[in-house]
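Student: I would like to learn how to read pockets, cavities and sheets in a model. Please show me the structure and take the features one by one.

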Amino acid sequence: MNAESRLSCDRIWLNAKAATMSDAGQIEDALIACDKGRIVYAGPRDTAPEFDAVERIDCEGRWITPGLIDCHTHLVHAGNRAHEFELRLAGASYEDIARAGGGIVSTMMATRTASEGDLVAQALIRLDALIAEGATTVEIKSGYGLSLDSEIGMLRAARRLGEERRVTIVTSFLGAHALPPEFAGRADDYIDHVCRDMIPAIAALGLADAVDGFCETIGFTPAQIERVFTAAKAHGLPVKLHAEQLSNSEGAALAARFGALSADHLEHLDRAGVAAMKASGTVAVLLPGAYYFTRETHLPPVEALREAGVPIALATDCNPGTSPLTSLLLAMNMGATLFRLTVEECLKGVTANAARALGMGSDTGTLEAGKSCDLAIWDIERPAELVCNIGRNPLHARVWRGL
């Protein structure tokens with residue numbers, strides 16, 4: 001091929017094995033080419049075009065996967081709840097602690113008194129742990145401010161994390177997370193405030209990529225969440241939901257009716273909820289860290305989700321009270337050991353399906369031409385090591401938008 005017919009690009013990675021997380025599957029001798037932050041080729045080396053690359057990176061036989069995606073976190077918050085961990089060890093339930101003023105409201109008090117700078121500084125520690133294991137996209141929810149000013153502060157802090165680090169930050173407004181003390185006994189009034197004041201203001205500021213809620217016996221009723229979702233849709237924001245974690249409130253079916261990106265937790269999801277999610281394309285986000293940490297015993301209906309073809313994602317649910325987890329590698333191991341997910345399901349759960357859960361499936365999550373060049377390069381012999389091993393981080397290099 002003459003020089004005039006060669007394709008120009010910024011860089012290529014070669015002498016690599018690739019787990020594409022797409023229909024192409026695994027490629028034993030792969031080449032990935034990137035130009036201006038986008039993948040222009042990802043496939044077998046022997047069928048690749050000839051490239052004039054500014055930089056050629058020899059991976060020396062290492063594996064490449066898409067950059068990992070944590071699609072459900074509460075990364076921005078102040079304080080910690082280690083004392084509640086001790087209470088649970090002594091026999092208190094999550095509901096007992098929440099009704100006694102602990103839980104989300106406890107973190108709310110600490111978060112409200114923290115400055116935006118403090119929130120950023122504390123969250124960076126948690127974000128850096130995720131980045132160190134190959135995360136290139138991280139979703140962050142508000143929901144610990146529970147007042148307009150505090151929720152705005154949390155979302156601004158989350159956006160700032162994307163300026164401080166080379167990572168894609170996706171934000172979700174979670175005003176309907178818990179009832180703040182000033183609205184005690186007036187849940188409907190608080191939901192009015194969320195719908196009438198908070199969602200319009202946050203949408204106008206462009207601080208949220210989606211609206212989330214907590215539909216549960218200690219959260220909000222399906223009727224209240226429906227009002228939140230209606231307000232979100234009126235302002236052009238997609239929705240997602242914490243659903244069926246502690247009981248079956250039929251929140252997943254409600255979320256599906258609104259075309260939700262995802263329904264998350266799902267330990268008590270029933271077959272009607274599974275069918276509704278299948279029909280709407282809503283992703284099931286499983287959170288094994290919370291299941292493990294709270295010593296839950298009711299497993300999510302993985303086999304029913306499989307049979308229905310509902311996409312399954314995994315996430316850390318990083319939060320101070322029920323899942324202080326900052327490792328997607330450990331989340332995958334937990335997904336396999338606790339929920340009996342396969343290696344492929346775990347890997348897709350933190351790449352392709354996690355991207356779908358954020359409405360980003362066309363932009364990231366697989367190694368395909370046209371997508372953002374977000375890569376994780378691993379010192380492993382086979383991808384199963386990423387799910388099997390506990391406490392070892394085999395990341396060799398992380399690439400975000402081609403760099």
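Tutor: Start with the largest pocket: α2 (94-99) and α3 (104-113) each supply at least two residues of its lining. Helices (H or I, at least four residues) and strands (E, at least two) are DSSP runs, numbered from the N terminus. This is a predicted model, where local features need pLDDT of at least 70 and side-chain atom pairs count only at pLDDT 80 or more, while totals for chains, interfaces and linings use all residues. Residues are numbered from 1 along each chain as its sequence is written, and side-chain values use heavy atoms, with hydrogens and water left out.

Student: What separates a pocket from a cavity?

Tutor: On a 1 Å grid over the protein atoms alone, a cavity is a set of points where a 1.4 Å probe fits but cannot get out; a pocket is an open set with protein on both sides within 12 Å along at least five of seven lines, and lining residues have an atom within 4 Å of a point. Here the largest pocket is lined by 15 residues, with Ala98, Val105, Ala178, Leu179 and Ile218 nearest its centre.

Student: Which helix gives the most to that lining?

Tutor: α2 does, with three residues.

Student: How much space lies in the largest pocket?

Tutor: About 320 Å³. A volume is the space filled by probe spheres set on the points, and grid points are joined across faces, edges and corners. The second largest pocket has about 270 Å³. Its lining has 17 residues, and Arg88, Tyr94, Thr294, Arg295 and Glu296 are the closest to its centre.

Student: What about the largest cavity?

Tutor: Its volume is about 130 Å³. Of the 13 residues that line the largest cavity, Tyr94, Ile104, His177, Asn319 and Thr322 lie nearest its centre.

Student: How do strands of a sheet pair?

Tutor: They pair through backbone hydrogen bonds, either parallel or antiparallel. Two strands count as paired if DSSP finds at least two bridges between them. In this model, eight strands form an open sheet with parallel pairing, in the order β6-β7-β8-β9-β10-β11-β12-β13.

Student: Why is one side of β6 and of β13 left without a neighbour in the sheet?

Tutor: β6 (68-70) and β13 (312-314) stand at the edges and each has a single partner strand, so one side of each has no neighbour in the sheet.

Student: Over how many bridges do β8 and β9 pair?

Tutor: Strand β8 (residues 168-176) and strand β9 (residues 210-215) pair in the parallel sense over three bridges. Serine 172 has alanine 210 in β9 as its bridge partner.
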